[in-house]
Amino acid sequence: MSCGGVLLLRAVGVGSHRALGALPQQRLAAGSLRRLLRTGPRRSAYVKDLFLGKIQKKDVFPYPEVTLDELNDMKQFVIPVEKFFNEEVDSQKIDRDGVIPQETLDRLKQLGLFGMLIPEEYGGLGLSHIMYARLGEICSQDGAIAVTLAAHQAIGLKGILLAGTEEQKAKYLPKLATGEYIAAFCLTEATSGSDAASIQTRATLSEDKKYYILNGSKIWITNGSLASIFTVFAKTEIIDSNGFKKDRITAFIVERNFGGVTNGKPENKLGIRGSDTCEVHFENTKVPVENVIGEVGDGFKIAMNVLNSGRFSMGSLVAGMIKKLIGKTAEYACTRKQFNRPLSEFGLIQEKFALLARKTYVMESMAYLTAGMMDSPGFPDCSVEAAMVKVFSSEAAWLCVSEALQIVGGLGYMKDYPYERYLRDSRILLIFEGTNEILRMYIAMTGLQYAGQVLKKKIRDLQKGNLSVAMEHVSAILRDSLNRKVSLGLTGRDGVVHPSVEESANRLEENVYYFGRVVEVLLRRFGKTIVEEQLAMKRMADIVINLYAMTAVLSRASRSVHLGLRNHDHEVLLTNIFCTEAYFKNLYNLSQLEKYPPENLDEYIKKAARLVLGNKSYTCTHPLERIF
């Protein structure tokens, strides 16, 4: 399953569907909202350098901009899409019936909402990541539709976009763009979830070497009974350079009409109930060899690239959902009276609204900063940043929906109101597109590998007597010993942040510097075995997620003040509140990492867990028990 909340409005052309009649007939101006599929090596993005205690300002300051022409183009899309969701989508009925009505799916196809990520030459729009994020805000109004569309284009057909041949793209993408074909992504199996490399589905090359014979089953496949095209991952036998046979995962394009493709009944889910989720089975399915995506044996890499590429949009999707809830909940709080006073006048209620606004501002800032970097020249590798957006936004969604429900009290628990549905829908966000636990390990491991490579060279240079490296090392030690103020270029004469957020920027700089120092200490102490210290890895991931979030709001708020955008003072307020909270959370985690191990709390946590797991039960005696 996947979630990205993406929609397409396909420009009208000869033989194409009419996209929301009100839209102009011509295609978008070339280069304005086009998403180019780039090839070649990609430079590292911003976050990896945080593990070295460095801030690469050019990657994140100033905050991404779009031109006036792009804004006008966006409006041509946003207004009709909002109209469609507001007037034609009955989310309560979709949730109650557990299915998206066929007429709604047909309408989505007529509107051309299935090809946003497909390049223009194949019948789609090839929209920018920023536009992708913007449309995600809108379709967040209905989680089931958002997931259906996202499973189709964010992962279902994404392998063809990223690694398919020109022949594969020409054959499949035009029909996928119109929704004539719906796509699904088939990776997860009963015995392999987060451990994708352990899949058992197998593809065996036929004797004439014209086909692969595919056998196996996949579970929890979104669009499983709707799809005509499946991206399927299966084990294949390869011969390595030494002549030995080995199993490697390969990606395939599988058509339902190849035969041997069946699906189970729809799953009865807690949330996103209207989306189609089921098992998909392949029995002696003959897949032509030309339907291999990429190279034989490269399937695992393709699967990870597909999943990595779409996570950033969760920030805008969740932000769109919480914005709607803020409006509904604020209306209630301002009119509902208790003790002869509106709820909105009570401090504990005000605290909840500040939380809702703050979390929404942060996730939105992270999402659009990441989208802007992905659209920038040079196409940096933003997979770590995208994972951070997913982790932060999914956890913020769960908290914010719960707090909004708490504000309205008993009404929020009733099915006549949207709160309980949003709560159920939002729970899946912490699980799919990579569980947050796995993504935290990925974030920390990627940063540590990068830092380890750089630090290894630094150590070699020190051993060789490289004077400049030695002076830098001595300078850092001296700064730490004297407790001098950290300055990484965000403030001061050549600074990039507005004075109204300068104190928050100083806190970010301090956190970044000492995070780099702690990473170096841990790498020296543990070396490669640091990856086995999962609680330490989690702390590092939490720190660096906060650092990226602080960066995003500082960059955005500074831009808003410089441009004089309305309510920019509110953005500054939210930025300073969040950065203060994040700074102190980071200090705590840094202090725990410095003590690691065995003096910090993590060792006690693991000891307590081992006792529970060893007994397979709650191990404390009952408070009324008197037998020792």
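A polar contact, as used here, is a pair of N or O atoms within 3.5 Å; within protein, one must be able to donate a hydrogen and the other to accept it, and residues adjacent in sequence count only if both atoms are side-chain atoms. The model is predicted, so local features need pLDDT of at least 70 and side-chain atom pairs count only at pLDDT 80 or more, while totals for chains, interfaces and linings use all residues. Residues are numbered from 1 along each chain as its sequence is written, and side-chain values use heavy atoms, with hydrogens and water left out.

I'll start with Arg559. Its side chain makes a polar contact with the side chain of Glu65, at 2.9 Å. Arg559 sits in helix H18, residues 534-563; helices here are DSSP runs of H or I, at least four residues, numbered from the N terminus. What does Arg559 touch, leaving aside residues up to four places away in sequence? Tyr63, Pro64, Glu65 and Leu565, where contact means heavy atoms within 4.5 Å. Pro64 is 495 residues from Arg559 in sequence, yet the two are 9.1 Å apart in space, C-alpha to C-alpha.

Next, a helix pair. H13 (residues 383-408) and H14 (residues 419-427) pack at about 165°, with axes 9 Å apart; the axes are lines fitted to C-alpha atoms over the stretch in contact, and angles run from 0 to 180 degrees between N-to-C directions. That makes H13 roughly antiparallel to H14, the term for angles over 145 degrees. Residues making the contact include Trp398 and Leu405 of H13, and Tyr422 and Leu423 of H14.

Note on methods:
Helix = DSSP H or I, 4+ residues; strand = E, 2+ residues; numbered from the N terminus. Parallel < 35°, antiparallel > 145°, perpendicular 65-115°, else oblique.
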